[in-house]
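Me: I have a model open and would like to talk it through. Please keep the answers plain.

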Amino acid sequence: MAEVASLHESFYRPLGDGRYASGPSTAGPWSPKAQHGGPPSALMGRAFEQHEAREGFRIARITLELPRPVPVGDLRAEVRTLRSGGRTELLEGELTSDGRSVLMARAWRVAGSPADTPRLRPVSDPPQLPHPQPAHTMAGAHLDGYMSAMEWRFEPGEGFDTPGLGAAAHPAGGR
């Protein structure tokens with residue numbers, strides 16, 4: 001579904017000084033005024049990556065909280081270092097909207113392993129990706145934001161409205 005990408009602009013437009021304008025594609029299935037959790041989580045992840053970046057280090061773990069809906073509007077991202085050592089760092093970040101906290105997060109940044117580090121266990125190939133599918137529906141949902149900005153692939157006969165356990169895949173990211 002290559003046409004999906006051409007229908008939507010980026011999720012955020014940088015405004016400078018850690019501020020971002022949210023695009024309409026960030027809107028979640030609940031309302032055109034509230035974002036899906038994916039885009040603001042990714043925005044915070046990027047802010048962690050860019051904060052006082054250190055050569056040979058990578059973000060290893062992020063935990064986050066969404067204390068209230070993230071509005072589709074202007075956001076400010078702030079990150080600070082809580083603890084910095086020779087091989088690990090603990091970062092703390094926050095997204096705010098009109099001065100109110102809408103996302104709080106912490107991240108561990110760690111030194112990368114040497115290239116010759118052996119694997120501890122075999123890594124299997126990911127499952128086969130389902131074939132491209134037409135746009136999916138979700139009863140009562142706002143489908144014009146994040147839901148249509150992403151390409152969703154389900155196992156045959158499954159979808160957002162299928163009860164029970166399920167799996168979905170994104171062509172670029174896996175399951």
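Me: In what order do the elements of the protein chain run from the N terminus on?
Reply: The order is α-β-β-α-β-β-β-β-α-β-β, with three helices and eight strands in the protein chain. Helices (H or I, at least four residues) and strands (E, at least two) are DSSP runs, numbered from the N terminus. This is a predicted model, in which local features need pLDDT of at least 70 and side-chain atom pairs count only at pLDDT 80 or more, while totals for chains, interfaces and linings use all residues. Residues are numbered from 1 along each chain as its sequence is written, and side-chain values use heavy atoms, with hydrogens and water left out.

Me: What share of the residues of the protein chain count as buried?
Reply: Of its 175 residues, 33% count as buried. Buried means under 20% relative accessible area, exposed over 50%, and partly exposed in between (1.4 Å probe, protein chains only).

Me: Which residues have the most contacts inside the largest nonpolar core?
Reply: They are L43, M44, F48, L75 and L95, in a core of 15 residues. A nonpolar core is a set of buried Ala, Val, Leu, Ile, Met, Phe, Trp, Tyr and Cys residues joined through side-chain atoms within 4.5 Å.

Me: What is L43 in contact with, leaving aside its neighbours within four places in sequence?
Reply: L43 is in contact with Y12, Y20, L75 and L95, where contact means heavy atoms within 4.5 Å.

Me: Now the strands. In what sense do strand 4 and strand 5 pair, and over how many bridges?
Reply: Strand 4 and strand 5 pair in the antiparallel sense over eight bridges; two strands pair if DSSP finds at least two bridges between them. They form a hairpin with three residues between them, and E78 stands opposite E94 in strand 5.

Me: And strand 2 with strand 4, over how many bridges?
Reply: Strand 2 (residues 19-22) pairs with strand 4 over three bridges, in the antiparallel sense. There R19 stands opposite R76 in strand 4.

Me: On to the backbone. What is the phi of D17?
Reply: D17 has a positive phi of about 55 degrees although it is not a glycine. Most residues other than glycine have a negative phi. D17 is placed in the loop between strand 1 (12-16) and strand 2.

Me: Is D17 buried or exposed, and why?
Reply: D17 counts as exposed because its relative accessibility is 64%.

Me: What about E52, where does that residue lie?
Reply: E52 lies in the loop between helix 2 and strand 3 (57-65). Its phi is near 40 degrees, a positive value in a residue other than glycine. E52 counts as exposed because its relative accessibility is 55%.

Me: H51 is in the loop between helix 2 and strand 3 too. Is H51 buried or exposed?
Reply: H51 has 14% relative accessibility and therefore counts as buried. Leaving aside its neighbours within four places in sequence, H51 is in contact with V79, R80, T81, L91 and R109.
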